[in-house]
Amino acid sequence: MKRRQLIKSFVLFFSILFVKPSSLFASINSISLGQKAPDFLLNGFNKNNPKQKEWSLDDFSGEWLILYFYPKDFSSGCTLQAKAFQDNLSKFKKLNSSIVGISADNEEKHESFCTSAKLGYTLLSDTEGEISKSYDSWLDPYSKRNTFMINPKGIVVYKWIGVRPIGHAQEVLEELIKQKKIYA
């Protein structure tokens, strides 16, 4: 390995270890606060609405949407994050908000994951990464762990880039309470 490559690898490695992920990736995310959220139309699964096979951004108009991207069903970090959102789901619902997760997994895997983890919210399949790309949340072949808060008018009002799964759902809930006061 050339010396220059070794130095770059060393710097990257220690940056990942010691720098908060959101500061590492914030400059490359072009979704701006205050802009209209990119639309989507994806297949997915929700155990509370098993007949619905396809969801769009319009399905959530008039309510707050917590749209989170994650790498893979059944992985440890993704399971922690998903279960934490589920544990707080009633609190999110009381605040007129929905949780939606997006990954590259197919609908069958989402159904299995929802059943296994007892998730009561929607998981969408972005198998080609097109929607993940529109939210700057794609690192082939997976979605990156990012979360976007979208207000009832479809505007992105907050974002988390390079999320750490532990404590994230609570952090999102606290920010939702703040944002509801701002946009009341």
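Visitor: How many bridges join strand 3 to strand 8, and do the two run parallel or antiparallel?

Guide: In this predicted model, strand 3 and strand 8 (residues 146–150) run antiparallel and are joined by 5 bridges.

Visitor: Which way does strand 4 run relative to strand 3?

Guide: Strand 4 (residues 97–103) runs parallel to strand 3, with 6 bridges between them.

Visitor: How should I read the two faces of a strand?

Guide: In a regular strand, side chains alternate between the two faces of the sheet. Now try strand 3: Trp-64, Ile-66 and Tyr-68 lie on one side, Leu-65, Leu-67 and Phe-69 on the other, and all are buried. Because 6 of its 6 residues are buried, strand 3 is largely enclosed by the rest of the structure.

Visitor: Which residues have the most contacts inside the largest nonpolar core?

Guide: Those are Phe-85 and Tyr-121, in a core of 27 residues. Among the elements that each supply at least two residues of this core are strand 3, helix 3 (76–87) and helix 7 (168–182). Leaving out residues up to four places away in sequence, Phe-85 touches Ile-66 and Tyr-68, and also Tyr-121, among others.

Visitor: Which residues does the second core include?

Guide: That separate core has 19 residues, including Leu-42 and Val-156. Leu-42 also has a bridge partner in strand 2, Trp-55. There, strand 1 (residues 41–45) and strand 2 (residues 54–56) run antiparallel, joined by 3 bridges. Strand 1 is also joined to strand 5 (residues 122–125), again antiparallel, by 2 bridges, and Phe-45 stands opposite Leu-123 in strand 5.

Technical notes:
Residues numbered from 1 in each chain as written. Predicted model: local features only at pLDDT ≥ 70, side-chain atom pairs only at ≥ 80, totals over all residues. Heavy atoms only, no water. Core = buried A, V, L, I, M, F, W, Y, C linked by side-chain atoms within 4.5 Å. Buried < 20%, exposed > 50% of the residue type's maximum accessible area, 1.4 Å probe, protein only. Helix = DSSP H or I, 4+ residues; strand = E, 2+ residues; numbered from the N terminus. Contact = heavy atoms within 4.5 Å. Pairing = 2+ DSSP bridges.
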